[in-house]
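Open the structure in your viewer and keep the selection panel at hand. Each stop below says what to select and what is found there.

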Amino acid sequence: MVEMSGSQALIEALYKEKVEVIFGLPGGAIIPVYDVLLDSKIRHILGRHEQSVAHMAEGFARASGRVGVCMATSGPGATNLVTGIANAYMDSSSVVAMTGQVPTSMIGRDAFQEVDIIGITTPITKHNFQPKYASEIPKTVKMAFHIASTGRPGPVLIDIPKDVQNQTADMVFPNKVEIQGYNPNISPHPLQVKKAIDLLTKAEKPIIMAGGGVILSNTSQKLQAIVELLLAPVITTLMSKGCFPENHPLSLGVLGMHGSAEANKLISEADVILAAGVRFSDRTTGKLDEFCPDAKIIHIDIDPSEIGKNKAIDVPIVGDLSKTFDMLYDSLAKRLEKREDSPWLKKVRQTREEFKGIIIDQGKGLSPPKLLKKLRELLPNNSVITTEVGQNQMWASLYFKVFEPRTFISSGGLGTMGFGFPAAIGAKVARPDVPVIDIAGDGSFGMTANSLATSVVEKIPVIVVILNNSMLGMVAQWQRLFYNRRYSAVELGVAPDFVKLAEAFGAQGFRIGSIDEFTKVVKGALKSEVTTVIDVPISPEENVFPMVPAGKGLKDTIYG
Amino acid sequence: MMLEGRVKRTYIISTIVENRPGVLHKASNMFRCRGFNIDSISVGATERKDLSRMTITIRGDSATVEQLVKQLAKLIDVIKVSVLSPGSTVVRELALVKLYVADGRARSDIINYANVFRSRVVDVAPGSITVEVTGSPDKIDAFITLASTFGIKEIARTGITALVRG
């Protein structure tokens, strides 16, 4: 037992959790913690807006597989974090967010910068805490990290009243915590696994639908082993892009509203779907009633509430993906003979050929598909890509191939514009050894562009490629296709000048007009020690295709 | 199977939760966020100081109830969730029913009815009489229907609480 203040206990507890970096922005109600932080070995990265520090923490978490930590003050600091926390919740990212709170004696009196952040974040956190005594802090931090990083990961918030930060107490730092209502280590039921094996061994047209859970559970290699045994093609979701190498002959790419043509077509023909760590989101499945109505679906998830939530399931398996894949592999290896080819694989190849002619680089000159293919050639395979949200994101999903897990980081569930750039900064902190590139749009980048200050001042060099159509491009695309070209509130004009904006922050900015220039600038940026913003003017008329219109089934894909 | 899943009936869900501030908020907030329309909820002490029991009734199909149970179980503060089967469960609700009393005859009628229902008169005032009825929700409904002939001034029902038999 050792006597210290709540703030000292907080920093000590974080240190014990091996936290090396906190993304944050101080304010009145969290000054005691910042005072202790000054003498700590933990690095603090100062954001310019709390939304961005939450995204940075998430980018860090998703690139590293560790817990990302962010911190803000009470009131507006806390409410600004909310978008970032909601994003982490929707995408199951392990983030621990800490907020200052007004002193306990002031809570409920509408004090200056008081907000009920516990109430506000209850539906968007896996759990939240408000310690009322300093002595609770060590255990609270331990529980927060345990909850955030195990089972189905998610954000956890700790809201600490200022008097609790200052109060001293005898502190006990537990090495382990038991939480009665939380048992995340779930082994799959052997009977359910057997049912899955029976279906898979009899399947003639199996498909594997791998979701974000594969990345979260670090089971890419186990997945690949099963794929090669089953000879089943693999479809990913936006969240799992990269969990299976997209240059593998059995990779069909991403499924969904802007899924690859072959993924959307072939999943509808499968007879058995092995869905692992997915949640059957509407952007992935299209109209649910029309999503593979005849296929038998095996659904593995560690979160029981995901099973049957959106889609009725034939073989539910609640369990840890790593353990389940091991059991599946062992049984399949015994029951299946090694095969080289199948009629189903012939069909897969045939479908690919069929679509080769249909899916072409639309648009002339600097079309996004061409640019992204070029970008892929220029980058090492282990580069980390983040995206903003909108057309840029869907082009990246369709045309930028990813080969390794945790190298594609995008806002999937919440669809948060402004996510990509701060997430790139967080990812670069986690992976300083690899290039980190934000594939951006002008609208999205504008939302958190002030993080350029963080990136420059803290010396965290990333590359931003802005596919600049001077539009809120995805909304414009919907208005073009479904609202008779009535463009309402989507024209952004040519403001700002992104080159000057970058330079104003001390970053370097380039505007490029050809693929050759693009190549040259990217090569230069990869060698540079400073953040580079590459402004690529593209046609405002450019659409993302293929597309499944909202509310339609996958078979209603529009190809352009 | 799907059809069976869509038949609506009343379910009683018994939940053991951590006894600490904010737990009821987390549960009720989840009901609202996920669109579960619950009929009643009662929260009270258990045999252990650190735990509370939350009894929830909901009218819905089995798929909805399954989701509700899973979402409740997912809350960190929720320790155990069980759907109680009507046959092996003791179910009780308490209601306070305040009735208008027009005259002495009405007063004695009400007292007689209360006795038939094994209820108790807990307050008598010049213009009203308050009866405490305890029992299954059906019994309380029956009493209220009967009592409405006298004119109901106010009703307070607790929502049901329940325990498995044996």
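## Where the two chains meet

Colour the chains separately and look at the place where they touch: 15 residues of chain A are in contact with 17 residues of chain B. On the chain A side, these residues divide into 7 nonpolar, 7 polar and 1 charged. Keep in mind throughout that this is a predicted model.

## Chain A as a whole

Along the principal axes, its C-alpha trace spans about 70 × 60 × 45 Å.

What share of the 560 residues in chain A is buried? Buried residues make up 55% of them. Among the contacts in chain A with a separation of 6 or more, 76% are between residues 24 or more positions apart.

## A sheet in chain A

Now select strands β9 to β14 of chain A. These 6 strands form an open sheet, and its order is β11-β10-β9-β12-β13-β14, with parallel pairing. Go to the two ends of that order: β11 (251-254) and β14 (315-318) of chain A stand at the edges. Each has a single partner strand, so one side of each is left without a neighbour in the sheet. From one strand to the next, the twist averages 15 degrees.

Strands of a sheet pair through backbone hydrogen bonds, either parallel or antiparallel.

Which residue in β14(A) is the bridge partner of D301(A)? The partner is V318(A).

## Two cis peptide bonds in chain A

Select A495(A) and P496(A). The peptide bond from A495(A) to P496(A) is cis, and omega is near -5 degrees. P496(A) is found in the loop between α20 (473-482) and α21 (498-504) of chain A.

P546(A) has its place in the segment after β20 (532-537) of chain A.

## Two arginines with positive phi

Select R406(A), in the loop between α16 (391-399) and β16 (408-409) of chain A. R406(A) is not a glycine, yet it has a positive phi of about 65 degrees. Is R406(A) buried or exposed? There are 22 other C-beta atoms within 10 Å of R406(A), and 20 or more count as buried, so R406(A) is buried.

Next select R485(A), which lies in the loop between α20 and α21 of chain A. Its phi is near 60 degrees, again a positive value in a residue other than glycine. R485(A) has 9 C-beta neighbours inside 10 Å, and 12 or fewer count as exposed, so R485(A) is exposed.

## Chain B as a whole

Read along the sequence, the pattern in chain B is α-β-α-β-β-α-β-β-α-β-β-α-β-β. The C-alpha trace of chain B spans about 55 × 40 × 35 Å along its principal axes. Of the 166 residues in chain B, 25% are buried.

## Around helix α2 of chain B

Select helix α2 (residues 23-33) of chain B and show its side chains. V23(B), K26(B) and A27(B) are buried. Turn the view to look down the axis of α2(B): the buried residues fall within an arc of 95 degrees, so they line one face of the helix. On the other side of α2(B), H25(B) and R32(B) are exposed.

What covers the buried residues of α2(B)? The cover includes β1 (9-18), β3 (51-60) and α3 (62-74) of chain B. Just after α2(B), G35(B) takes a positive phi of about 75 degrees.

## Last stop: I41(B)

Finally, select I41(B), found in strand β2 (residues 38-45) of chain B. I41(B) is partly exposed, with 18 other C-beta atoms within 10 Å. Leaving out residues up to four places away in sequence, I41(B) touches M54(B), I56(B) and G159(B). I41(B) and I56(B) are 15 residues apart in sequence, and their C-alpha atoms are 4.4 Å apart in space.

Terms used:
Residues numbered from 1 in each chain as written. Chains lettered and ligands numbered in written order. Predicted model: local features only at pLDDT ≥ 70, side-chain atom pairs only at ≥ 80, totals over all residues. Contact = placed C-beta atoms within 7 Å. Nonpolar A, V, L, I, M, F, W, Y, C, P; charged D, E, K, R; others polar. Pairing = 2+ DSSP bridges. Helix = DSSP H or I, 4+ residues; strand = E, 2+ residues; numbered from the N terminus. Axes fitted to C-alpha atoms, helices over the stretch in contact; angles between N-to-C directions. Arc of directions from axis to C-beta.
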